[in-house]
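Me: I would like to learn how to read a structure like this one. Please show it to me, and I will ask as we go.

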Protein chains: 2
Amino acid sequence: MSELGKTHHPRTEEVELALSAFARRVLLDAGDVVRMRQLMRSFELHPAGFPVSSLGPGPSLKWIVTGWACEARVLPDSRRQIFSFLLPGDVLLARPAHATRPCTVVALTRLECIDVDQLLSSATEGPRARLADAMATATDINEERKFEHIVRLGQHSAAERVVHLMLDLRDRLAEVGLVRGDTFRLPLTQEHLADALGLSVVHVNRTLRALRTKGLLEIRFGGVTLLHRQQLASIAGRVQAPP
Amino acid sequence: MSELGKTHHPRTEEVELALSAFARRVLLDAGDVVRMRQLMRSFELHPAGFPVSSLGPGPSLKWIVTGWACEARVLPDSRRQIFSFLLPGDVLLARPAHATRPCTVVALTRLECIDVDQLLSSATEGPRARLADAMATATDINEERKFEHIVRLGQHSAAERVVHLMLDLRDRLAEVGLVRGDTFRLPLTQEHLADALGLSVVHVNRTLRALRTKGLLEIRFGGVTLLHRQQLASIAGRVQAPP
DNA sequence: CGCGATTTTGAGCCATGTCAATCGGAGTGG
DNA sequence: CCACTCCGATTGACATGGCTCAAAATCGCG
C-alpha cells in the first residue's frame, strides 16, 4: 500500500522547475501559474521501491512533479521486464492494486505526484481545457515511447540500446530543466538498465565501460554526463551518415 | 494510396465467421445480426502490401473483417521493425498518410475492413453502445499486446519468441473461428517473423527447423499446425522444472 | 569496521548474426 | 513445354555478441 501524504514539503526548486516547464507546455499565464503553485502544495507522496497504484476501483492518471518511476512486469520465473521510465513532467497510469495485467508502476525514488482528476477539477475554467489536452498528449507520448522501446529491443545492439536510452532520458529531462550541461541524475542501478534493455547486468556493465573508455560518457554517483552528444547520437542510430 | 472499393464481394464464409464471432463478443441478437450483415456488405478493400492510412485529416479506426495487417516502422538504414500483427476481428488505427511518427499499418494480405465511425453511426440504438464498448476494448487489447511483445523481445530466446508468437496467433484466430484442429493460415514470410521478433531471417529458419524436427509444429504453404500445444506452451512460458 | 548491495572483471560457452551459396516453386515469355 | 527469373526457404561455414558462472573490488551505511 502506498503511503500518502499531504504535508511533506518538496524541494521548492524542483517543483518550480516542473511548474515552469508545465507553464511553458500548457501556455499558462502568470495568474494561472500562481493558482497552480497553490494546487501543487498538496500532492501524493509515494516512497521509493513501492508500487504506485490507484486507490479507487478504476485506473487513475498521476502527473509526476518530482522523482522517477517505471512500468514493469515480473515474470513467473522472477525475471523482470521494465517497459518504460517515467520522469518529472510525465503522466503515469496507476491501476488498481491486484491488476497486474499489463504492467505495474513502481516508484524508483521518492515520488511526488498530483492526481490528474483532482488537478483538472480544481483548475479554473481558463486553463482547464489546455490542461486536459496536455495530459492527453502526455499519455499519447507514453504510448509512442513503447514503439521506440520495441525498436530498441528488436533492432539495436547493446551499445546502441544503452546510448539510445541515455539520449532519450537526457532530452526528456532537459525539457523540465533537469539537465545542466549534459549532466543529469540517473537514479538507476545497472540492473534496472539491464531489465529495461533486455541485457544481462554483466553486459550492461561492460557496455558502459566501453563507452566510458571511448570518452563518450561518464557514469558515477547515480549521475551521468554525456560527452559527445553528436557522436552518441550517431551510435544510437538516430543519424544517418550521408552516403 | 490505398485502393478503396465498395463493390468487391468477400468470401461469404469468412465474413460469416467474423460476424458470428462478433455477435458472440458484443452480444448481438438475431435482428442485430441481420442488420450487421447488411452493413458488412460495404467495406473498404485494401490490397496486400500497401499501407492502410486514414483518408481524413485525423486518425480513424477500422475493424478488420478479413485478412491480415501489421504495424511496422522502417528505420533509416532500411531495417524494419514489426510491432504487431492484426487479424480478423481486430481493430486497427489508421493514421493519415505522411504521419509516420509512431508506426505505419500495412496490409499483409488483401484486407477487408469497416470504418468504425461509419459502423457506429449506422448501427441501431440498441447495439451501438455495446459496439462502441467492444471497439474500445479491442483498442486496449492492442496496447496490451505491445507489452507482451516487449517481454518477448527483452526476455525470450529465439525459440521462445517464435513459439510465444505462434500460440498468441493461434488463440486470437481461434476466437474468430479460423483455427481447425491446431492448423491455421499464416500469410507471413520468415522475413516477417524475423522483423517482428528481432531475429535474422536465417535464424528464424533454423529455429523453425528445430521445432519441426522435434515434432512440435509443421509449417508449410503459408499455414501452420501446432502439434503439442501443451509442450509448446511450456517452451514459450519458460516454465521452470521444480528444482 | 563489517555487512549488503552494487559494480567490475575474467574465463569460457553458446546463441545468434553474417556471408554466401543452393534449392524450390511460381510466374513469364518464347 | 522449356528456359529464365524472382522470391522465399534452406543450408553450411564462420565470426562474434552477449550470457553464465564465479570471484573480487567498491560503495553506502550503520
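Me: Which element supplies the largest share of the surface near DNA strand D?
Reply: An element here is a helix (H or I, at least four residues) or a strand (E, at least two), taken as a DSSP run and numbered from the N terminus. A residue is near a molecule or strand if one of its heavy atoms lies within 4 Å of it. For DNA strand D, α7(B) gives the largest share, with five residues. Both α7 of chain A and α7 of chain B supply at least two residues of that surface.

Me: What should I know about the model and the numbering?
Reply: This is a predicted model: local features need pLDDT of at least 70, side-chain atom pairs count only at pLDDT 80 or more, and totals for chains, interfaces and linings use all residues. Residues are numbered from 1 along each chain as its sequence is written, chains are lettered from A and ligands numbered from 1 in the order in which they are written, and side-chain values use heavy atoms, with hydrogens and water left out.

Me: How many residues surround DNA strand D, and which are the closest?
Reply: There are 16 residues around DNA strand D, and the closest are Ala158(A), Ser200(A), His203(A), Gln190(B) and Arg209(B). Of the atoms of DNA strand D that come within 4 Å of the protein, 66% belong to sugar and phosphate. To sort residues by class, count Ala, Val, Leu, Ile, Met, Phe, Trp, Tyr, Cys and Pro as nonpolar, Asp, Glu, Lys and Arg as charged, and the others, Gly among them, as polar. By this scheme the surface near DNA strand D has five nonpolar, seven polar and four charged residues.

Me: Which atoms of DNA strand D do Ser200(A) and Arg206(A) approach?
Reply: A polar contact is a pair of N or O atoms within 3.5 Å; within protein, one must be able to donate a hydrogen and the other to accept it, and residues adjacent in sequence count only if both atoms are side-chain atoms. A polar side-chain atom of Ser200(A) lies 3.0 Å from a phosphate oxygen of DNA strand D. The side chain of Arg206(A) has an N or O atom 3.3 Å from a base oxygen of DNA strand D. Ala158(A) uses its backbone: an N or O atom there is 3.1 Å from a phosphate oxygen of DNA strand D.

Me: What is found around DNA strand C?
Reply: DNA strand C is surrounded by 15 residues, the closest being Gln190(A), Asn205(A), Arg209(A), Ala158(B) and His203(B). α7(A) gives the most to this surface, with five residues. A side-chain N or O atom of Arg209(A) is 2.8 Å from a phosphate oxygen of DNA strand C, and for a polar side-chain atom of Arg212(A) the distance to a phosphate oxygen is 3.5 Å. In Ala158(B), a polar backbone atom is 3.0 Å from a phosphate oxygen of DNA strand C. By class, four nonpolar, seven polar and four charged residues make up the surface near DNA strand C.

Me: What rotation superposes chain B on chain A?
Reply: Two copies of a chain are related by a rotation about an axis and a shift along it. Copies are superposed by least squares on the C-alpha atoms of residues with pLDDT of at least 70 in both. Here a rotation of 180° with 0.0 Å of shift along its axis places chain B on chain A, with an RMSD of 0.1 Å. The two copies are therefore related as by a two-fold rotation axis. Contact means heavy atoms within 4.5 Å, and 96% of the contact residues of chain B recur in chain A, so the same surface serves both copies.

Me: In what order do the strands of the open sheet in chain B run?
Reply: Two strands pair if DSSP finds at least two bridges between them. The open sheet of three strands in chain B has the order β8-β10-β9, with antiparallel pairing. β8 (183-185) and β9 (217-220) of chain B stand at the edges with a single partner strand each, so one side of each has no neighbour in the sheet. β8(B) and β10 (residues 223-226) of chain B pair over three bridges, and Thr183(B) stands opposite Thr225(B) in β10(B).
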